[in-house]
Amino acid sequence: MKIEGQVAMRKGFEEEISLFNKKGKDKIELISYVAGEGRKGILNQVSQLDEALKKSPQALVIQPTDNSALARGLQEANGAGVPVFAYDQYIVNGQLTSFATSDNYSGGKDNGEYIDSLYDKNHEIRIVVFEYPKVSSTTERVDGFFDALRNRSRKFKVLKRYEAVDPESGEKAAKAFLKDFPTKGSVDVIFTVNDGGGLSIVKRLFEKKRNEILHATFDGDPQSVENIKNKRLTVIDSAQFCAELGRETARSLVAYLGKEPVSEKKLVPTYPVTEKNINAYPGWMGRPTQKVAATLPVGANKELKSSREPSDIKERGSLNIRIGVAPLCPYLCEKGPGVWGGYIYDILTAVAKLHGFTVELESIPNTRLVSALQAQRVNYIIGPRYMVRYLPDIRVVGPNLGVSYTGALLSPGLKEPLIDNEFVRNKKVVFADLGSESGNSLSIDDSTRAIKLTGSDVADRMTKMIGDRRVDLALGDYNVLRYSLLRRAHVPLQLLPTSLTGFNSLVLVSNPKEPEFGFLPQHLDAWFEKARASNELDKILSRYNLKDWKVFNR
């Protein structure tokens, strides 16, 4: 209850429930729990969820403190038939009756479009990013920002990245930034993923007279809006309608209790506050207006459109689409020269058969995928988003092809969530950085007896080591470990999701020279829409012991 935007979310929820209670004889009784901040807050919420379930409520409403810590509680609620409504953040590995969140990706795009409009079309924008990769909402803001720049063929260069999400980490990052970039004019733009860290950064840079830097941010904090008004670095803030997140959740709850249909996911729009529209922004307690585009200067660059719309797609005879991939089961499994498996391969072959073309996969290490694409050795590559997030000369196209995050494999019985490296301290751990970049990989300190494994069979080796009790814990890609367990069905082990290295979507990436070769992105979009409705996707994923990642979709 210390973060004002999140307090507004709760106020919006309570406001809508109060209106319902005044209208008729039916009443909704709210029993509230406040978890608090930081590590203690996460642990508090886990125990509070357990306590709430003992009361046999007719519904649970949660603003999660962590994407994965509440997974066990959500599964228990699912088993007990208790509907769960979440807002702001989701919970993995269970079924949410309804989930409401801001349209973070679109808000990031608004930021990118506005920043692009402020520079001559030939200028290469030098950017520093203040990120927080452990939460999907903040990475979606970054993805939207850079996709907007790429869609306009903007030249840009990411000079450095720092982690900042709250005032303390923002202050620390600002000090590091000033040390790394002491010269005026060395940086054009800083992008912060929220005002929690961004306000501290702007305050420190303003004090040091670095007004030449433009700042784009997210949240709509009143102080940040004042910075726009007073020309203190900030030029755009994609503001959240915080109270509306709570109101939408309350409306879903009321509808459900009234036996009305409820949307599984709701996106609340954001408001791109700039000096041109600042007086119209209604604040965190306001209600969304019609989607407002950031006011762009006359002559701003326009987004490059496809030469043909999906409705105009015509099939090409004998078309072969070459895709570069780094094999990793169950995503893409290389069974031999030219012989492939894995759920992504199954999807690609289904789409190819439907539209009369062929798909040729080429095995390429992650480190060489981008260069192979840029050299036009392949038409597309598939990989985790972090590989291309900050690169200018690529295009991310089509739907998400999955999500990867860290899983923890251990003996059954543990109820405490794995929220940080504190849990693994003094334990014997085997781990692998599967699908993680060096800046966001597992950090195992010297107090832990750790063994790092490499190779294509690490999951099977880890599973065996846990089963033989040679180690206490195994950490690796959650989906890879889950697939490994499928083939060892009689091994009594527990697999837990964690947020230790964040969440990364798997994406299809193309070259700007041929961004829609063979119209594969459009074909995939259409296939996923139909396959989710017909349960065809679930049938494919079940063969690999996996679940749909639709909660992550925009």
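## Cavities

A search of the whole structure, which is a predicted model, finds four cavities of 30 Å³ or more. The largest cavity holds about 140 Å³ of space, and its lining is made up of S136, T139, E140, D143, R389, N400, V403, F503, N504, S505, F552 and R554. Two elements, helix 5 (136-151) and strand 23 (504-510), each give two or more residues to this lining, with helix 5 supplying the largest share, four residues.

By residue class, the lining of the largest cavity divides into five polar, four charged and three nonpolar residues.

## Salt bridges

Across the whole structure, the search finds 32 salt bridges. One of them joins the side chains of R10 and E14, with an N to O distance of 2.8 Å; both residues lie in helix 1 (residues 4-23), four residues apart, which is about one turn of the helix. R10 is partly exposed at a relative accessible area of 21%, and E14 is likewise partly exposed, at 32%.

The side chains of R470 and D468 also meet in a salt bridge, here at 3.9 Å from N to O, and in this pair R470 has a relative accessible area of 45% and counts as partly exposed, as does D468 at 42%.

## A salt-bridge network

A network of salt bridges links E15, E16, E244, R247, E248, R251, K266 and R287. Within this set, the side chains of R251 and E244 meet at 2.7 Å, N to O. R251 is partly exposed, with a relative accessible area of 27%, whereas E244 counts as buried because its relative accessible area of 7% falls under the 20% cut-off.

Terms used:
Residues numbered from 1 in each chain as written. Predicted model: local features only at pLDDT ≥ 70, side-chain atom pairs only at ≥ 80, totals over all residues. Heavy atoms only, no water. 1 Å grid on protein atoms, 1.4 Å probe; cavity = no way out; pocket = protein on both sides within 12 Å on 5 of 7 lines; lining within 4 Å. Points joined across faces, edges and corners; volume = space filled by probe spheres on them. Nonpolar A, V, L, I, M, F, W, Y, C, P; charged D, E, K, R; others polar. Salt bridge = Lys/Arg side-chain N within 4 Å of Asp/Glu carboxyl O. Buried < 20%, exposed > 50% of the residue type's maximum accessible area, 1.4 Å probe, protein only.
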